Amino acid sequence: MKLVLKKGRANPLWHGHPWVYSGAILREEGTAQPGDVVEVRDAEGRYIGRGFYNPRSQIRARVMTWRDEAVDAQLIARRIEEARGLRVRLGLPSAETTAYRLVNSEGDGLPGLVVDVYGDVLAVQFTALGAKLMENDIYDALGIMKPRAIIEVSAGGFAQLEGFASATRVVRGEQDVGAVRCRENGIEIEVEPLKGQKTGMFLDQRENRRKIGALAKGARVLDIYTYAGGFALNALRGGAKEATCVDSSARALERVSLHAQLNGYTNITSVEADAFRFLETVTPKSADLVIVDPPKFARAKKDLDAGLKGYQRLNTLAMTACAEGALLATCSCSQLVDQESFERMIAAASKDAGRRVQLLEISSQGPDHPVPPAFPEGRYLKFVLCRVV
Ligand code: SAH
């Protein structure tokens, strides 16, 4: 089948944006089943590329190649090989880090596919039907990593939206994969890809966690939305005086205790609480380093205003907890909140808290989460390091 785009709607695709939205399509020539590979052409009939088709989704096609070539097992194997080459170039894995992202969907030319590495176990997540239909080719190609096991991690909402069944299960190799020991920034961790959130860890923050480690000497640290304790552990490794980890998930906090034990840290406290409730009662100006890394506050455009208000209130509370001159690392993983709005929100929070704020550094997800430059949808993470005076 050929998807012919409306006049003027092909430009993003020519620049490497991999999604064909339903509204950009002028007509569909021929027929195709959901998940099939189709051709994409501009209004003049010029070939743009080939990708996965799904009539159920607003994202009608996801382009996998801009060359005139087949989307088959060979292409997948080549892309996975390339993805591995990039990670090796980035020094992954290393003695210090054995947990990282091997395939970041569109950013690695494999739309609909995420592969995370935890030591010798691979966690695979499908977010598009076309990728799911090629799962066996994908598992075969991942053989180059010589994994002890490959696990499919349920895609939840994506699967429903795209129309395929997904479950968390071992798909290749050893069946009884329990907790997997691996390392991040020199810290011993244990990941449970069959049970955790995401594929087991929030790998996108690794480089930011390292940064926090380098700024933590002697600090009293508050790690709000800690999950498995990532920021706090990096801070303690960097010489923090003590760390308090807050999360609403008891299961996540069990990981924090385990990780503290594995790494020999005793100056770490876990608090099971809602982040807002916790911050409302914390002693003002009692922390030297505060990290707030909440889940998405804005999932759809209609939630954007409420989401920004939520971030503002959260950051006001976090600033209030900051001692004079403390550092605050504030994050958002809502793709809908752009960098500019996020910084404006920080300014509004600074006014609400009655504190002066300096922006020190702005970053995003780590380099093992690459994105095409024409694809802002892929760069969702905002990490802003501030000083609160
Ligand atoms: N900072 C973590 C990732 C955080 S992900 C890291 O570096 O790995 C977001 C976390 O927020 C999850 O662990 C989730 O359990 C927790 N969470 C969700 N809602 C919460 C709430 N209302 N209060 C506190 N924690 C919450």
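This is a predicted model: local features need pLDDT of at least 70, side-chain atom pairs count only at pLDDT 80 or more; totals for chains, interfaces and linings use all residues.
Let us begin with an open sheet of 7 strands, whose order is E16-E15-E14-E17-E18-E20-E19 and whose pairing is mixed. At its edges stand strand E16 (268-272) and E19, each of which pairs on one side only. On average, neighbouring strands of this sheet are turned by 15° against each other, direction ignored.

Strand E18 (residues 322-332) is joined to E20 by 7 bridges, and the two run antiparallel.

Leu222 stands opposite Val290 in E17. As background, strands of a sheet pair through backbone hydrogen bonds, either parallel or antiparallel.

The loop between E19 and E20 holds His369. Is this residue buried or exposed? His369 counts as buried because its relative accessibility is 4%, and the cut-off for buried is under 20%. Its side chain makes a polar contact of 3.2 Å with the side chain of Asp368.

## The sheet of six strands

A second open sheet has 6 strands in the order E2-E6-E5-E4-E1-E3, again with mixed pairing. Strand E2 (19-21) and strand E3 (25-29) are at the edges; each has a single partner strand, so one side of each is left without a neighbour in the sheet. From one strand to the next, the twist averages 35°. The partner of E3 is strand E1 (residues 2-5), and these two pair in the antiparallel sense over 4 bridges. Within this pair, Val4 has Arg27 of E3 as its bridge partner.

## The ligand and its surroundings

Now to the ligand. Which residues come nearest to it? Of the 15 residues around the ligand, these are Arg209, Asp247, Asp274, Ala275 and Asp293. By class, the shell consists of 7 nonpolar, 4 polar and 4 charged residues.

| Residue | Protein atom | Ligand atom | Distance |
|---|---|---|---|
| Tyr225 | backbone N or O | nitrogen | 2.9 Å |
| Asp247 | side-chain N or O | oxygen | 2.7 Å |
| Ala275 | backbone N or O | nitrogen | 2.9 Å |

Taken alone, the ligand exposes 580 Å², and the protein buries 87% of that.

## An exposed glutamine

Finally, visit Gln175, in the loop between strand E11 (169-173) and strand E12 (180-184). Why does Gln175 count as exposed? The reason is its relative accessibility of 56%, as the cut-off for exposed is over 50%. The C-alpha atom of Gln175 is 7.4 Å from that of Ala149, and the two residues are 26 residues apart along the chain.

Methods. Residues are numbered from 1 along each chain as its sequence is written. Side-chain values use heavy atoms; hydrogens and water are left out. Buried means under 20% relative accessible area, exposed over 50%, partly exposed in between (1.4 Å probe, protein chains only). A residue is near a molecule or strand if one of its heavy atoms lies within 4 Å of it. A polar contact is a pair of N or O atoms within 3.5 Å; within protein, one must be able to donate a hydrogen and the other to accept it, and residues adjacent in sequence count only if both atoms are side-chain atoms. Accessible areas come from the Shrake-Rupley method with a 1.4 Å probe; for residues, only the protein chains shown count as cover. Ala, Val, Leu, Ile, Met, Phe, Trp, Tyr, Cys and Pro count as nonpolar, Asp, Glu, Lys and Arg as charged, and the others, Gly among them, as polar. Two strands pair if DSSP finds at least two bridges between them. Axes are lines fitted to C-alpha atoms, for helices over the stretch in contact, and angles run from 0 to 180 degrees between N-to-C directions.
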